[in-house]
Amino acid sequence: MASQKSRSSLNIRNARISDIPAIIALVDKVYPQLDSYSTAMVQGQISNFPEGQVVVEYDGDIVGYAASFIIDEAAALAPHTWNGITGSGYASRHNPKGDWLYGMEVCVDQERRRLRIGQRLYDARRELCERFELKGIVFGGRIPGWKRRKKLYPDPADYLEAVVAQKISDPVIRFQMRLGFEPIGVLPDYLPYDEASGGFASHMVWRNPYAAVHTKSASAPPGAKEDVRVASVQFQQRKVHSFEEFMSNVEYFVDVTADYRCDFVVFPELFTLQLLAFAETRLTPSQSIEKLTEYTPQFVEAMRKLAISYNINIVGGSHPTRTEKGDIQNVAYVFLRDGSVHQQEKIHPTPSERQWWGIQGGNAISTIQTDCGPIGILICYDSEFPELARQLVDAGAKLLFVPFCTDNRQGYMRVRYCSQARAIENQCYVVMSGNVGNLPGVENMDIQYAQSCILTPCDFRFARDGIAAECSENVETVAIADLNLADLDWARQEGTVRNLRDRRFDLYSIKWTAKT
């Protein structure tokens, strides 16, 4: 008789994007008294250092989660706060050239404690530390037993010393010490909202006995080359006579950029307004936008088929879309070559959009997972709000796409200057795509001005002026550039300036009301 292999009921593996809802639910269950993670935070943890995020799966349920990242020794062993060292929970301070593995989270379902899930997660961390030849593991551990003994030990350092001397017992600290960790001090204000620990944490360290004694070269190459080829279409608005003619124009550019083996092709904001050019009667602004929403299903399906047929990821500009609540939003559709369709609504409609078309702003922004890593979309005016870009980059995006629609040079320059600023301050790439030409019969779409471009940080390894490619002004054309994602890692850790790394998390951070 052939032997049958049973399926293992407990599995330890790296976290996936699809695990995020279950991870957040687990954290909420285990720590109901503490602030929860947002989707963007866990996206950032996985995107910034996928090897460091581990889950324990039991009978199909996520019952354990450990989040870790690499950091330099000076930061790891110096006094710090959880918010400051983790980059507000995004693991955005991950440094591939660092010396220590930092444990930012361990979470275990209390109902499954007999499975030794916590021990398994710490063992996984140790294996990771040894594999990366790091000096050791460091983290801030909770001391929830201190609150009960606060009168006897007003100073948490004395409490910690008493636990180490085995004068008193603290199950959390003793568990960590049994696993080989030693406390080297107390971290004040580590988690201010951890009332049981009084905001304090034990500064715990495990030293890797197999760590190689060597110094990492500051000039070491950033790693394997990770090229992404992107194309920005500067699309001309012109009169067309049918939806099919419009899609024929779009397909031409998809075909051309696919021939150049591009990974992404980007179209402008509201480029579908061309569909109003064959309206039988001249429409008012409100009638125009209402009419355009009728094309949404047809447009989405046609673009999805193009992405699959030409094996290219399409950032489909933006298209007015009616929501389930009846509002109209300006929505960017992203059509991936695997056939999936994603949406990102414009968060900040311009005064003109609100006045003429009644466009309503969205309330959520998040990265979109692609075969080239997570990306972010900022529709035109949204690029002028730095908090949005920072949210996307903290969540792992290295590519930001800015479909825009501006009618004159001053409007264009606002978007251009802000997009360049986003590339510099976030050390990422920004791809702009705008409309040119005119639609005389369409209200509020009379003239267009654009100079589409592909922007980079301003540092060595990038274009001298921070422009990887640029279109000529106000002509229909395409800009194409190869972007090396590994160069961004170099810039963030070893560049002339290190905007992401040098943020003062001890002074400021972005607090999002909506969890995205």
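**View 1. Pairing of strands E5 and E7 in the predicted model.** Strand E5 (residues 136-141) and strand E7 (residues 201-207) run antiparallel and are joined by 6 bridges. Gly-140 stands opposite His-203 in E7. Strands are DSSP runs (E, at least two residues) and helices are DSSP runs (H or I, at least four residues), both numbered from the N terminus; two strands pair if DSSP finds at least two bridges between them. Residues are numbered from 1 along each chain as its sequence is written, and side-chain values use heavy atoms, with hydrogens and water left out. Because the model is predicted, local features need pLDDT of at least 70 and side-chain atom pairs count only at pLDDT 80 or more, while totals for chains, interfaces and linings use all residues.

**View 2. The open sheet.** The order of its 7 strands is E1-E2-E3-E4-E5-E7-E6, with mixed pairing. Strand E1 (10-14) and strand E6 (182-187) are at the edges with a single partner strand each, so one side of each has no neighbour in the sheet. From one strand to the next the twist averages 25°.

**View 3. Helices on the sheet.** Helix H2 (residues 39-48) lies across strand E2 (53-58), strand E3 (61-71) and strand E4 (100-108), at about 60° to E3. Helix H5 (residues 117-131) packs on the sheet, touching E1, E2, E3, E4, E5 and E7, and its direction makes about 160° with that of E4. Contact means heavy atoms within 4.5 Å; axes are lines fitted to C-alpha atoms, for helices over the stretch in contact, and angles run from 0 to 180 degrees between N-to-C directions.

View 4. In helix H12 (residues 386-394), 7 of 9 residues are buried (under 20% relative accessible area, 1.4 Å probe, protein chains only), among them Arg-390 and Asp-394. The cover includes H2, strand E15 (373-377) and helix H13 (409-426). Gly-396, which follows H12, has a positive phi near 110°.

Definitions and conventions
Buried < 20%, exposed > 50% of the residue type's maximum accessible area, 1.4 Å probe, protein only.
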